[in-house]
Amino acid sequence: MNRRDAIGRVALIMGGTLIGAEFLLSGCKPKAATLENLFDNDHVAFLNEVADTILPDTKTPGAKAAKVGDFIAVMVRDCYETADQDIFLKGLGQIDEASNKKFSKKFLDLDASQRTAVLTDLDKEQQAYTKTKKPKDPNHYFRMIKELTLLGYFTSEIGCKQALRYVEVPGHYDGNLPYKKGDKAWALS
Amino acid sequence: MSTNTYDAIVIGSGISGGWAAKELTEKGLKTILLERGRDIEHVKDYVNATKGPWEFPHRGGRTVQMEKDYPVLKRDYPLNETNLDYWVDEKESPYTEVKRFDWFRGYHVGGRSLMWGRQSYRWHETDFEANLKDGVGVDWPIRYKDLEKWYDHVEGFAGISGNHDNVPILPNGNFMPPMDMNCVEKDVAARINNHYKGSRYMIIGRTANITKPLPGRTNCQYRNKCWLGCPFGAYFSTQSSTLPAARATGNLTLRPWSIVTRILYDKDTKKAKGVEVLDAQNNQTYQYFAKIVFVNASTLNSAWVLMNSATDIWPDGLGSSSGELGHNLMDHHLGVGAGGLVEGYDDKYYFGRRANGIYIPRFRNLNGEKRDYIRGFGYQGGAGREEWGRSIPEFSIGGEFKDALTEPGAWTMGIGGFGETLPYHENRAFLDKTKKDKWGLPVLAIDATIKENEKKMRIDMANDAKEMLETAGVKNVQIYNSEAVLGRGIHEMGTARMGRDPKTSVLNEWNQVWDAKNVFVTDGACMASTACQNPSLTYMALTARAANHAVEELKKGNL
């Protein structure tokens, strides 16, 4: 992203939006130390299931197919400060707690509609929290997960080429292209 | 020693240094181009230029380690995963901030010509007259007519796409065909142009991306990956443009890893006889000799070279007799503007990633208007449809949410201001001899800040942006106004200003150091004011003009 894109992105923020792309502009916050082995394979598998509930298979492959769980683990390891890493790790447990509370089962033992119900509740919770959150307040773990899921999916090869339209070398510019509902958006460069 | 003798030495290979090398070699001078950093070969070394976003482990973002390693770069958009190697190693090359100054540097062949924003606008007569009329700083020793044919010259070679908009305050140029506005920008521009009836304009950006092929260069392919280096050579850089031209003459020697530590001054002839170079790889010292020296190390580093060239005759550095060397440091102040939503274009989209936006030239304090500040500002911006990083009110998570995000969202339009910063004597850079860089050289200390004039201007920059967008029918317009920090514009100017009087300026009307007339400074250091236009095109024109003068004077035996 260059300066012009940065200016453009401000326009997006002004539109009352921006989840996930936020880090492209502001970056991750500094932290004390990097933990090499923050996540094990079970964590990554769990994250893939959570991400796939947020962005499931539809006409196009979902987040698990795009290995978004692996991406999230890399991002939390490399780009999150320790405090956010702690919130994130604790959050994985809180997803199971919420599942237990609602359906008396762990998240991975739920069926697809139950998973969606649990995460829909958590998303409502994070949206309400974020609305009144002050800059110094801790981040909400589910917002982190959702942001990283969107970022990971829509910048993955599957996300760019299947969910979106990716044109490596457009060759020309047309500023007045007819659009009809259902046409896919262009992937970012 | 004979192998170390050339006709001309050029210090620095960025935008202006590349131009100096091209012009001097084309006029027959054996020239050595000294670059402090590594070589980056055109195309071959643009290692990330054709990668997809998924090929970057953090998708272009920044890690905690990167933030630790680049404490200055992280302050704004340049710190990122995709072209990290193009930015200076801050541990090797620290500087001292008396006050916060964001200094974003590129130490390699091509300098910041590889990463620059490419927006290219001529200055207007008003800009050259401003200091004299306002009684600020010193009068520019040149006027628009002195630079006009050199603008023609550099635009023709560099390849600037733009429209002949006939805006009174912004001269037309020697353009390639313009890029297109998109449909929303066109309508917003029409509404602004109609409403303000010739006092304000919105035009397509003028950019150093070519829209027709040039020798060895392909026209822009609308990838918008310019700052990774363009495999098509579609934007102007040293690598794509001036370096191949200079090489084609057979007169160029390029020497990377060459830190010029000082200019060698001969007190008998009152001229420079050459430069001393510290080889950044082997730490050996070399001397190079020439009839003329062009200093193009970038504004602050050109000041550093001059200051570090102190002698018993000039204890504060070469060019310091006026007491102005290092002073009057300027930038453009930015980070203020507005944006909002545009309704009614849901059946419209665009194709291609246009590496350009719209421009709104200066309109304040013209035609007799007097605000509570002097000078003015312009805006850059653009319209586009929201991407996947948005919320969908109806959906939270799940398949419908995902499918909704695969479609483009609402149209938004945003503009951000670039404001003129006045030359203040007390805004300065100086040598900090208490701190050394990796090579044991003293570092630069920077002490500069914006003042009342800029602060008052920023109120207009915010409010005018909102007013114009609302006038054009943009909805839910929100102002943003972040802290103004000098350096953040990456348009450093001043420290060795041109002028009419050796008592108050460092350079004369031909960019010659008053105290050593075979030394020319033609990068941003020479600027006596900033105007509000992106400055690189003016550096190119000043450099070509000065190089021509240098060769003429050499022929006359005056140097």
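Mentor: Two residues are in contact if their C-beta atoms, placed from the backbone, lie within 7 Å. In chain A, among contacts between residues at least 6 apart in sequence, 57% join residues at least 24 apart. This is a predicted model, in which local features need pLDDT of at least 70 and side-chain atom pairs count only at pLDDT 80 or more, while totals for chains, interfaces and linings use all residues. Residues are numbered from 1 along each chain as its sequence is written, and chains are lettered from A and ligands numbered from 1 in the order in which they are written.

Trainee: What makes up chain A, in helices and strands?

Mentor: Eight helices and one strand. Helices (H or I, at least four residues) and strands (E, at least two) are DSSP runs, numbered from the N terminus. Along the sequence the pattern is α-α-α-α-α-α-α-α-β.

Trainee: How many residues does each chain bring to the contact between them?

Mentor: Chain A gives 67 residues and chain B gives 69 residues. On the side of chain A, α1(A) supplies the largest share, nine residues. That side divides into 36 nonpolar, 19 polar and twelve charged residues.

Trainee: Which residues of α3(B) are buried?

Mentor: A residue is buried if 20 or more other C-beta atoms lie within 10 Å of its own. In α3(B), residues 125-134, the buried ones are B:Asp127, B:Phe128 and B:Ala130.

Trainee: What are the distance and angle between the axes of α3(A) and α4(A)?

Mentor: Axes are lines fitted to C-alpha atoms, for helices over the stretch in contact, and angles run from 0 to 180 degrees between N-to-C directions. The axes of α3(A) and α4(A) come within 7 Å and cross at roughly 115 degrees. Among the contacting residues are A:Leu47 of α3(A) and A:Ile72 of α4(A). By class, the contact has seven nonpolar, three polar and one charged residues.

Technical notes: Nonpolar A, V, L, I, M, F, W, Y, C, P; charged D, E, K, R; others polar. Buried ≥ 20, exposed ≤ 12 C-beta atoms within 10 Å, placed from the backbone.
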